Amino acid sequence: MTGGTRELLLSRIRDVADYPKPGVLFKDITPLLADPSAFTALTDELAALCATHGATKIVGLEARGFILAAPVAVRAGLGFVPVRKAGKLPGATLRQAYELEYGTAEIEVHAEDLDAGDRVMVIDDVLATGGTAEASLELVRRAGAEVAGVAVLMELGFLAGRARLEPALRGAPLEALITV
């Protein structure tokens, strides 16, 4: 990614103090999504990563990951598979529980949307603690597909999500366009 593209993306991410609770500095990507030049640049960068790593399908993580992953799938000419919170997908699903700092959560995928020959790029907006991404990698593998990598717009380095995710990647790349 060029320095100009990085600066464009960074300039469109708004800091919101004390959201969702006091002491938290929230990184709001809605100004980036509202700017067609920035959103196109982001889509192009993520699509290029999919090509570089030989992805054949893209998994987007609920909810902002859907917003990023769907246009990347279209741009890259790949299928898009949503990973949703438990209970949101109809029919047969694979479910994976994971730990949060305050409890547990579960995500699901339609297993029939992933095939044994697929190389899956997991896309999300932010890598924070890594729990959701880690669970999604397990789901991809349980569905019989291979993990091509994980790509995120932004990594919150101070939360150590990369360290948590490293064993689950099993050598697959983790690409963060911006690290804060």
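**Val-122 and its surroundings**

Leaving aside neighbours within four places in sequence, Val-122 contacts Val-59, Leu-61, Ser-136, Leu-137, Val-140, Gly-149, Val-150 and Ala-151. The model is predicted. Val-122 lies in strand β7, residues 119-127. Its relative accessible area is 1%, so Val-122 counts as buried.

**Around Val-122**
- Leu-61 is 61 residues away from Val-122 in sequence, yet their C-alpha atoms are 7.5 Å apart.
- Leu-137, one of the contacts of Val-122, also touches Val-147, Val-150, Leu-165, Ala-168 and Leu-169.

**Nonpolar cores**
- The largest nonpolar core holds 27 residues.
- Val-59, Leu-114, Val-122, Leu-137, Val-140 and Leu-165 have the most contacts inside this core.
- At least two residues of this core come from each of β3 (57-61), β4 (79-85), β5 (94-100), β6 (103-109), β7, α5 (131-142), β8 (146-155) and α6 (161-169).
- Helix α5 gives the most, with five residues.
- A second, separate core has 26 residues, including Leu-42, Ala-55, Ala-148 and Ile-178.

**Packing of α1 on α3**
- Helix α1 (residues 3-11) packs with helix α3 (residues 36-52) at an angle of about 125 degrees, and their axes are 10 Å apart.
- That angle makes α1 oblique to α3.
- The α1 and α3 crossing is left-handed.
- From α1, Thr-5, Leu-8 and Leu-9 meet Ser-37, Ala-38, Ala-41, Leu-42 and Glu-45 of α3.
- Five of the residues in this α1 and α3 contact are nonpolar, two are polar and one is charged.
- Leu-42 of α3 takes part in this contact and is also in the second core.

How values were computed: Residues are numbered from 1 along each chain as its sequence is written. This is a predicted model: local features need pLDDT of at least 70, side-chain atom pairs count only at pLDDT 80 or more; totals for chains, interfaces and linings use all residues. Side-chain values use heavy atoms; hydrogens and water are left out. Axes are lines fitted to C-alpha atoms, for helices over the stretch in contact, and angles run from 0 to 180 degrees between N-to-C directions. Helices (H or I, at least four residues) and strands (E, at least two) are DSSP runs, numbered from the N terminus. Angles under 35 degrees count as roughly parallel, over 145 as roughly antiparallel, 65 to 115 as roughly perpendicular and the rest as oblique. A crossing is left-handed if the near helix is turned anticlockwise from the far one by less than a right angle, and right-handed if clockwise. Contact means heavy atoms within 4.5 Å. Ala, Val, Leu, Ile, Met, Phe, Trp, Tyr, Cys and Pro count as nonpolar, Asp, Glu, Lys and Arg as charged, and the others, Gly among them, as polar. Buried means under 20% relative accessible area, exposed over 50%, partly exposed in between (1.4 Å probe, protein chains only). A nonpolar core is a set of buried Ala, Val, Leu, Ile, Met, Phe, Trp, Tyr and Cys residues joined through side-chain atoms within 4.5 Å.
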